[in-house]
Amino acid sequence: MEFKGTKGGWKVKDSSITPTICTQDENVRICNITKSDSQTEKANAQLISAAPELLEALKRLVRTIKAEGLSKDILTARAEQAINKALGK
């Protein structure tokens, strides 16, 4: 299954009201972050903006482990669970 969301890199665009997650070129808004604590807002926005890269890194890790015939341990299983959650499986 492939990621069906907005492709490409995401970034945090700070504004005076609330941080916004958007595409690198700012043509697509992914979401706005709302929370009363601005430090929490920024941390949430940073994590969300990293989601596409985190998903791709996990997918590569699992593919490499499988291709190299390495043992499938609990860490790999958890990585696969996270990938499946991100992809809506």
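I start from the rule that helices (H or I, at least four residues) and strands (E, at least two) are DSSP runs, numbered from the N terminus. With that in hand, I looked up Glu80 and found that this residue belongs to helix H3 (residues 74-86).

I noted that this is a predicted model, in which local features need pLDDT of at least 70, side-chain atom pairs count only at pLDDT 80 or more, and totals for chains, interfaces and linings use all residues. Residues are numbered from 1 along each chain as its sequence is written, and side-chain values use heavy atoms, with hydrogens and water left out.

I then checked pLDDT, the predictor's confidence in each residue, from 0 to 100. The protein chain has an average of 81, and 92% of the residues score at least 70. Confidence is highest in E2, at 87, and lowest in helix H1 (residues 38-49), at a mean of 79.

Leaving out residues up to four places away in sequence, Glu80 touches Val62, Lys66 and Lys72, where contact means heavy atoms within 4.5 Å.

Next I looked up Ile83, which touches Leu55, Leu58, Lys59 and Val62 when residues up to four places away in sequence are not counted.

Last, I turned to Glu26, which lies in the loop between strand E2 (20-23) and strand E3 (29-32). Its phi is near 65°, a positive value in a residue other than glycine, whereas most residues other than glycine have a negative phi.
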